[in-house]
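Please look through the sequence and the structure before reading on.

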Amino acid sequence: MSVVLCGLLASALAIDAAAQQAAATSGRGDPATLSASPGKPRYGIFGFGSLISDPGQELVDATASRQPLETPFAVEYGRSSNTRGGAPTLVPVQTGGARVKATVFVLKDSISEQEAMNILYRRERHMVGSGLVYKPSVRGGKNSIVVAAWPNLIGLEKIFYTDFHDAGKLVNPTPTSLAELAVESARNREVPEGNDGISYLMNARKAGIVTPLSAGYEREILRLTGSSSLEQALAKTHGPPVR
């Protein structure tokens with residue numbers, strides 16, 4: 001190869017390198033060069049119960065935005081919560097229930113998959129900020145929390161939500177059985193204010209969450225307490241909380 005040809009080739013390579021550098025600087029380079037730019041959110045957390053109004057500080061801090069979205073799975077008042085004095089709470093169900101209004105907490109792109117599960121788990125355990133790490137239960141007991149995920153929705157890889165093993169769910173709940181649990185929890189002076197079943201139902205209703213059992217459940221609470229509204233029923237049954 002002649003000296004002249006070698007010189008021309010070197011010049012061409014130098015020009016091509018300069019062009020690539022300029023393109024990368026202007027945002028038009030190849031994908032590998034641009035991968036260092038900030039990423040987009042990958043994970044989210046479904047709120048279809050008390051999580052909507054009371055997400056906890058960890059989730060608030062980790063959230064980039066909120067988006068309304070109907071649950072892709074059916075939900076019903078299908079669990080009696082020990083931390084709420086036995087009050088019925090909303091959970092995913094295999095039979096019955098309905099898809100309901102929900103809020104997706106779109107997490108910041110810096111939140112990893114494991115940390116997303118940890119945040120949801122700690123909030124469900126009422127241990128926000130504790131550093132507790134979520135590990136799936138092998139035994140699957142009655143009170144074992146399951147952090148489940150639904151893939152590929154609204155541009156997110158996974159949206160996590162709280163579930164429980166079948167052993168921890170009510171079998172064939174009825175409006176009457178739910179109302180009895182709710183009223184009992186509201187009368188329990190050890191249940192913190194706002195954590196009873198009547199308050200839970202009121203908050204769900206305010207969030208527009210309606211299930212097949214909702215209307216009958218509310219009517220039964222009113223009947224059992226001799227009230228004309230849930231607010232009145234709560235006032236009649238809920239004593240001063242123990243602090």
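Which residues in H6 are buried? They are Gly197, Ile198, Ser199, Tyr200, Leu201, Met202 and Ala204. The model is a predicted one. Seven of the 10 residues of H6 are buried, so this helix is largely enclosed by the rest of the structure. The cover over these buried residues includes strand S4 (87-92), together with S3, H5, H7 and H8.

Leaving out residues up to four places away in sequence, Ser199 touches Gly194 and Leu234.

**Helix packing**

Helix H6 covers residues 197-206 and helix H8 covers residues 230-237. The two pack at an angle of about 160°, and their axes are 10 Å apart. Because angles over 145 degrees count as roughly antiparallel, H6 is roughly antiparallel to H8. H6 passes H8 in a left-handed crossing. On the H6 side, the contact is made by Ile198, Ser199, Leu201, Met202 and Arg205. H8 supplies Leu230, Glu231, Ala233, Leu234 and Thr237. By class, this contact of H6 with H8 has six nonpolar, two polar and two charged residues.

A second pair is formed by H5 and H7, which pack at an angle of about 55° with their axes 8 Å apart. That angle makes H5 oblique to H7. The crossing of H5 and H7 is right-handed. From H5 the contact takes Pro175, Thr176, Leu178, Ala179, Glu180, Ala182 and Val183. From H7 come Gly216, Tyr217, Glu220, Ile221, Arg223, Leu224 and Thr225. The residues of the contact of H5 with H7 divide into eight nonpolar, three polar and three charged.

**Nonpolar cores**

Which residues touch the most other members of the largest nonpolar core? Among its 33 residues, these are Phe46, Phe48, Tyr77, Leu90, Ile198, Tyr217 and Ile221. Several elements give two or more residues to this core: strands S3 (75-81), S5 (101-107) and S7 (156-164), and helices H5 (175-187), H6, H7 (214-225) and H8. Another core lies apart from it and has 20 residues, including Ile45, Val93, Leu107 and Tyr134.

Ile198 links these topics: this residue is buried in H6, takes part in the contact with H8, and is one of the residues with the most neighbours in the largest core. Tyr217 and Ile221 of H7 are likewise listed there, and both belong to the contact with H5.

Most residues other than glycine have a negative phi. Ile154 is found in the loop between strand S6 (145-153) and S7, while Asn172 is found in the loop between S7 and H5. Ile154 counts as partly exposed, whereas Asn172 counts as exposed. Their values are set out below.

Terms used
Residues are numbered from 1 along each chain as its sequence is written. This is a predicted model: local features need pLDDT of at least 70, side-chain atom pairs count only at pLDDT 80 or more; totals for chains, interfaces and linings use all residues. Side-chain values use heavy atoms; hydrogens and water are left out. Axes are lines fitted to C-alpha atoms, for helices over the stretch in contact, and angles run from 0 to 180 degrees between N-to-C directions. Helices (H or I, at least four residues) and strands (E, at least two) are DSSP runs, numbered from the N terminus. Angles under 35 degrees count as roughly parallel, over 145 as roughly antiparallel, 65 to 115 as roughly perpendicular and the rest as oblique. A crossing is left-handed if the near helix is turned anticlockwise from the far one by less than a right angle, and right-handed if clockwise. Contact means heavy atoms within 4.5 Å. Ala, Val, Leu, Ile, Met, Phe, Trp, Tyr, Cys and Pro count as nonpolar, Asp, Glu, Lys and Arg as charged, and the others, Gly among them, as polar. A nonpolar core is a set of buried Ala, Val, Leu, Ile, Met, Phe, Trp, Tyr and Cys residues joined through side-chain atoms within 4.5 Å. Buried means under 20% relative accessible area, exposed over 50%, partly exposed in between (1.4 Å probe, protein chains only).
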